[in-house]
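Subject: Structure handover

Hello,

Please find the structure below. My notes on what was found in it follow.

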Amino acid sequence: MPEGYTHRPVLLEECIQALNIQPEGIYIDGTLGRGGHSEEIVRRLSGRGRLICIDRDRQALEAGQARLAPWAERITFLHGNFVDLSKLLDEAGVEQADGMLFDLGVSSPQLDDRSRGFSYMHDAPLDMRMDQDDSLTAWTVVNQWSREELRRILAQYGEERYAGLLAAAMVRARPIETTGELVEIIRGALPASALREKQHPAKRSFQGIRIAVNDELTAVSRMLQAAVPRLRRQGRLAVISFHSLEDRIVKSELAAAARGCDCPPEFPVCVCGKTPQLRLLSRKPVTPGERELAENPRARSAKLRWAEKV
């Protein structure tokens with residue numbers, strides 16, 4: 001953890017309210033991070049309650065374990081990707097939970113740890129792995145993927161309108177070893193109008209590469225599909241997303257689970273037999289207020305959606 005770092009869990013009060021925590025319940029924090037949300041969950045559990053903390057980042061697990069040591073007897077820590085949620089819950093002996101929380105995307109400690117290569121503000125080796133046991137790194141993506149694949153991930157995952165220009169520039173500049181080199185290549189390839197925008201010129205490209213390295217969007221969809229059946233009746237599912245791609249997936253998956261039937265609208269009667277599994281409790285996402293944004297500007301893009309099992 002970077003020196004002087006203070007963890008600020010995003011939308012903390014709103015998450016706790018959304019989970020409607022029962023003292024003897026079983027809860028899942030599928031993205032432990034530095035344990036800020038988990039601490040407030042476990043504080044509300046009695047000795048008969050249980051919290052399962054999952055993270056794919058071993059550094060996050062170690063930091064979370066240290067922070068949550070006073071409540072260790074109520075907590076099970078698991079190293080893994082929430083895409084494998086059902087398997088992880090089976091390993092923990094949990095059939096159904098009373099609530100689940102997922103705080104998506106890259107964490108502040110990951111961004112601030114220069115050695116991890118997530119940030120375009122620091123020069124570091126091209127890495128960007130959330131789980132450092134994984135083999136795929138940003139170096140591999142930038143230096144070995146085809147120009148067309150680079151263009152695709154920059155456009156699709158980074159929503160970068162100059163994806164073609166940037167992919168071509170990266171291929172010409174190979175090998176690219178560090179985040180600093182990559183930033184300069186991006187700056188050199190973008191038109192002057194793009195460089196005058198408020199956001200950093202490398203922001204969209206770094207997002208696209210990071211999502212590809214960690215297969216983040218596929219994981220979100222599969223996690224949500226696995227989470228709903230593992231919720232107890234009236235159990236709560238809360239998800240924080242940080243960019244439009246994630247939020248669209250969360251909104252779509254929750255809506256599908258709340259709708260149930262997926263027969264074509266022209267069918268006179270339902271033939272699929274699917275029934276609603278969730279009741280949506282947030283038609284519109286909850287976003288941080290002015291006070292939270294003043295304390296934690298990185299929370300600006302956060303959106304919280306939640307639902308209840310029926």
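Just after helix 1, Asn 20 takes a positive phi of about 50°. Helices (H or I, at least four residues) and strands (E, at least two) are DSSP runs, numbered from the N terminus.

Two remarks on the source. This is a predicted model, in which local features need pLDDT of at least 70 and side-chain atom pairs count only at pLDDT 80 or more, while totals for chains, interfaces and linings use all residues. Residues are numbered from 1 along each chain as its sequence is written, and side-chain values use heavy atoms, with hydrogens and water left out.

Helix 1

Helix 1 covers residues 12–19, and its buried residues are Cys 15, Ile 16, Ala 18 and Leu 19. Buried means under 20% relative accessible area, exposed over 50%, and partly exposed in between (1.4 Å probe, protein chains only). Seen down the axis of helix 1, the buried residues fall within an arc of 160°, so they line one face of the helix; the arc is that of the directions from the helix axis to the C-beta atoms. Glu 13 and Gln 17, on the other side of helix 1, are exposed. The buried residues pack against strand 1, helix 2, strand 4 (97–103), strand 5 (231–241) and strand 7 (303–309); contact means heavy atoms within 4.5 Å.

Strand 2 (residues 50–55) has five of its six residues buried, so it is largely enclosed by the rest of the structure. Strand 1 (residues 26–29) runs parallel to strand 2 and is joined to it by four bridges; two strands pair if DSSP finds at least two bridges between them. Ile 26 stands opposite Arg 50 in strand 2. Right-handed means that, with the strands pointing away from the viewer, the path from the first strand over the helix to the second runs clockwise.

Strand 3 (residues 75–79) is also parallel to strand 2, with five bridges joining them, and Asp 55 stands opposite His 79 in strand 3. Strand 2, helix 3 (residues 58–67) and strand 3 make a right-handed β-α-β unit.

Cores

The largest nonpolar core has 64 residues; Leu 85, Met 100 and Phe 102 are among those that touch the most other members. Such a core is a set of buried Ala, Val, Leu, Ile, Met, Phe, Trp, Tyr and Cys residues joined through side-chain atoms within 4.5 Å. Apart from this core lies another, of 26 residues, including Leu 11 and Ala 18.

Regards
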